[in-house]
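Welcome! Take a moment to turn the model around, then try the exercises with us.

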Amino acid sequence: MPNLILCIGDKNLSSWSMRPWIALEQSGIPFEEVLIRLKQDDTRESILKHSPSGRVPSLKHGDLLIWDSLAILEYLAETFPSARLWPQAPDARAYARTICAEMHSGFLAMRTQLPLNSSTKKPCPELTEATREDLKRIEELWRECRQKYGASGPLLFGNFTSADAFFAPVVLRLENYSVEVGECTRAYMKSVLELSSVRKWIAGAKAEVGKA
C-alpha cells in the first residue's frame, strides 16, 4: 500500500491541520509529514504543490489526493476500519458525524477571536457575545456526548474518535486562553490534553516557536 503523505501548516497555528494529524498519530497509522510554514512570502506557492485549494491540510495516498480535513478523516475511517475513527453504534456514529460537520462549518466567532496558538498561554480577551454563544454551544455538545455515548471512556464517545480529533483544537484554545468552563468541559479537556498525539503536537509547536 502506498505511503500516506499529510501536508500541514505550522503546528502552532493550523487548527485544521491538527485534526487529521492527531487522528493518524493517535491511531498508530504510519504517515509522512510535509510541513509548510504559514504567513511566509512563498506559503501559497508551496501549498499549491500539495493542495489545489491552496489550503492545508491535504492527504496524498498513491494517486489519490484529498484536501479537506473532514474528507480526510472520512477517508481514513474507511481505509483503516480497525482504527475505529467513528463510533460503532449507528446512532452514535451519526451523532459524531453531525457534530464534526457543525464544527467544520460553524463557530466562526470563537475561531476568529481565539485563534489557535498551540504553544503558548495568552490572556483571555473580553469575549464577544457571539463567541460566548459559540462556547456555550460547544459545551452543550460535549456534555451531551459524554452523557449519551461516553460511558466506556473519558472522551466524547468513550474511546478516541474523529470527533475528538475535530474538537482538539478547541480544547487547546480554551486551555491556552484560560477560558472559564464548566466541570464536565474541564474533565474532557484534561483527557484530550493527556492524549499522546496531542502532547506530541504541542511539543512540535513549541519546537517551531523556538526555531522562529
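This is a predicted model: local features need pLDDT of at least 70, side-chain atom pairs count only at pLDDT 80 or more; totals for chains, interfaces and linings use all residues.

Residues are numbered from 1 along each chain as its sequence is written, and side-chain values use heavy atoms, with hydrogens and water left out.

**Exercise 1. Find the order of the four strands in the open sheet, and say which strands stand at the edges.**

Step 1: Helices (H or I, at least four residues) and strands (E, at least two) are DSSP runs, numbered from the N terminus. Two strands pair if DSSP finds at least two bridges between them.

Step 2: Start with β1 (residues 4-8), which runs parallel to β2 (residues 32-35) and is joined to that strand by four bridges. Here Ile8 has Leu35 of β2 as its bridge partner.

Step 3: β1 is also joined to β3 by four bridges, and these two run antiparallel. Ile5 stands opposite Lys60 in β3.

Step 4: Three bridges pair β3 with β4 in the antiparallel sense, with His61 partnered by Leu64 of β4.

Step 5: Put together, the order is β2-β1-β3-β4, with mixed pairing. β2 and β4 (64-66) are at the edges with a single partner strand each, so one side of each is left without a neighbour in the sheet. From one strand to the next, the twist averages 20 degrees.

**Exercise 2. Look at the hairpin of β3 and β4: which residue takes a positive phi?**

Step 1: This hairpin has two residues between the strands.

**Exercise 3. Work out how α7 packs with α4 and with α6.**

Step 1: Angles under 35 degrees count as roughly parallel, over 145 as roughly antiparallel, 65 to 115 as roughly perpendicular and the rest as oblique.

Step 2: The axes of α4 (residues 90-105) and α7 cross at roughly 30 degrees and come within 9 Å. The two helices α4 and α7 are therefore roughly parallel to each other. Their contact includes Ala96, Ile99 and Cys100 of α4, and Phe166, Phe167 and Val170 of α7.

Step 3: α6 (residues 129-149) and α7 (residues 162-176) pack at an angle of about 125 degrees, their axes 12 Å apart. That makes α6 oblique to α7. Leu135, Ile138, Leu141 and Trp142 of α6 meet Phe167, Val170, Val171 and Leu174 of α7 in this contact.

Conventions:
Axes are lines fitted to C-alpha atoms, for helices over the stretch in contact, and angles run from 0 to 180 degrees between N-to-C directions. Contact means heavy atoms within 4.5 Å.
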